[in-house]
Amino acid sequence: MDAYSRVRTARQTARPTAYDYISSCFSSFMELHGDRCYGDDRAIIGGIAMLDDMPVTAIGIEKGHTAAERVEHSFGSPEPEGYRKALRLMRQAAKFRRPVITFVDTAGAYCGIGAEERGQGAAIAESLMEMMELPVPAIAVLIGEGGSGGALALAVADRVWMLENAVYSVISPEGCASILYKDPAMADIAAENLRLTAADALSLGVCERVISEEGIGTDAFYGRLAAELAGEIRRLAAEDDLPGRRYKRFRAFGSGDE
Amino acid sequence: MREIRFPYQPHNRLEAEGRTAEPLHGEAEKTCPNCHVTMKEGFFRSRGWTCSCGYHFRLGARQRIAMIADKGSFQELFEGIGCRDPLAFPGYGEKAAKARAVSGERESVITGTACIDGMPCALFAMEAGFMMGSMGTACGEKIARLFEYAAGSGLPVIGFTVSGGARMQEGLLSLMQMAKTSGAVRRHSRQGLLYIAVLTDPTTGGVTASFAMEGDIILAEPGATIGFAGARVVAQTTRQPLPKGFQSAESLLEHGFIDAIVPRAMMRKALSSLLAMHRRVI
């Protein structure tokens, strides 16, 4: 499958969304709301979930399936309040020594007047710094679209996994094509050049594992993923200095030419 | 710091100027894009490349360092790090070669140490002439190394940002620089060391959403465009007219995201005062 076909697959509204993963991989989930500053952004959902017998903080970017759900969740494009809610929940996870699992699926952080005025850049920057310092294990699973800084804000994790047809990119292929080639219709070429597929991310070291989509959406699929998450969390919990290792993980990306 | 009021009414120059930096050399006449007065370049140069209306022209990274650092105190670090083409992105090699030729730099940021009024600091200045100050792996590496060096040497960091954001041509690896630089800033901060970010026109995208907004103290030049999403994209997405001064330094000050707007003529003094105020007394 070519890169742009994967982009289209990643965007399909029928694909499982963060709620589907959270309700199926975990045995219970208590959703918590609000950033304690301004509002509750429904593009990001989060709360406490049970993974086997292990309480974890689960956070996801939710796109919704039906038209009504998609509007409710702003099509999965978070406002600063969403990132601040996630930040609040991650700080609680650190306080109560709960591992953090995020499900990332966004075309990008919301581009709006209010979002800019309430500090979209500052909210993402704070999330990047805070996740880097989390003293508890963190795994990010990219389940659909990994749109630039809006996705990275929830993916500064010890392990980054990607679904087989998930994509992860610095810019949308359409955006890249309209800037570089002055023609959004060349998005397929841009998608190829951006190296945004899960296989590309794996070869660049940006992700550690590609999750097979065989049986996606079935109980067996979620069961398999939950078992892998639980196993990896237990392995990570045994490691010392997680923030130091996490920094090394991200520090290693590209050193330039010397 | 006293609030500085400025007659200049900002507008979004990132849009107006099509994302390209103006080269500032030669002895020709120059027209201020704000008030449209045309003067000999020497007039603007003598005022630190500002117009009497308050407009601040874009500066090259080395011009900026020369205005801020004590004479002869700047020691460049990591100057050997330059961009490469890790994804073999079509056209990037030529574009980067052109950027090197136009700017005379190997990457979009210059890093080093300097003194301001005798007080030592680590210093970085981004270069708009190098692919609009975009952040690729080499830029991220230089920033991360500077913060690590400063953390190891107990130095404060002063950084001038100007950037279109993460560099598309290095794809995901550019995106990862946001996390890498944020981690380096955080580790420097944990040592109890000061980081002053000075946002200049324009500071956008992945740089805004990482080290630009992570300063203990965030200053900006008057009229600078500062934002995450591009104004054009916001206008297209929302189909609403943008408010006056949208994404201007003045608007960010009003919304609580920067500490102060400092005109260029007062920048060196402001930085010197802040460094002095952060000397440890207990």
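Reply: Ile45(A) has Gly60(A) in strand 3 of chain A as its bridge partner. In this predicted model, that bridge belongs to the pairing of strand 2 of chain A with strand 3 (residues 54–61) of chain A, which is antiparallel and runs over eight bridges. The two strands form a hairpin, with two residues between them. Asp52(A) lies in the turn and has a positive phi of about 55 degrees.

Strand 2 (residues 44–51) of chain A also pairs with strand 1 (residues 28–31) of chain A, again in the antiparallel sense, over four bridges. In this pairing, Met50(A) in strand 2 of chain A is the residue opposite Ser28(A). In general, side chains along a regular strand alternate between the two faces of the sheet.

The helices of chain A come next. Helix 1 (residues 3–11) of chain A and helix 9 of chain A cross at roughly 100 degrees, and their axes come within 7 Å. Angles of 65 to 115 degrees count as roughly perpendicular, and helix 1 of chain A and helix 9 of chain A are therefore roughly perpendicular to each other. Helix 1 of chain A contributes Ala3(A), Tyr4(A) and Val7(A) to the contact, and helix 9 of chain A contributes Ala187(A), Asp188(A), Ala191(A) and Glu192(A). By type, the residues of this contact are five nonpolar, no polar and two charged.

Helix 9 (residues 187–194) of chain A also packs with helix 8 (residues 173–180) of chain A, at an angle of about 105 degrees and with the axes 8 Å apart. These two helices are therefore roughly perpendicular to each other as well. On the side of helix 8 of chain A, the contact involves Pro173(A), Glu174(A), Cys176(A), Ala177(A) and Leu180(A). They meet Ala187(A), Ile189(A), Ala190(A), Ala191(A) and Leu194(A) in helix 9 of chain A. The residues of this contact divide into nine nonpolar, no polar and one charged.

Between the chains, 42 residues of chain A are in contact with 53 residues of chain B. Helix 5 (137–153), helix 6 (171–190), helix 7 (205–208) and helix 8 (231–238) of chain B each give at least two residues to the side of chain B that touches chain A. Helix 6 of chain B gives the most, with 15 residues. That side of chain B is made up of 27 nonpolar, 18 polar and eight charged residues.

Key
Residues numbered from 1 in each chain as written. Chains lettered and ligands numbered in written order. Predicted model: local features only at pLDDT ≥ 70, side-chain atom pairs only at ≥ 80, totals over all residues. Axes fitted to C-alpha atoms, helices over the stretch in contact; angles between N-to-C directions. Parallel < 35°, antiparallel > 145°, perpendicular 65-115°, else oblique. Contact = placed C-beta atoms within 7 Å. Nonpolar A, V, L, I, M, F, W, Y, C, P; charged D, E, K, R; others polar. Pairing = 2+ DSSP bridges.
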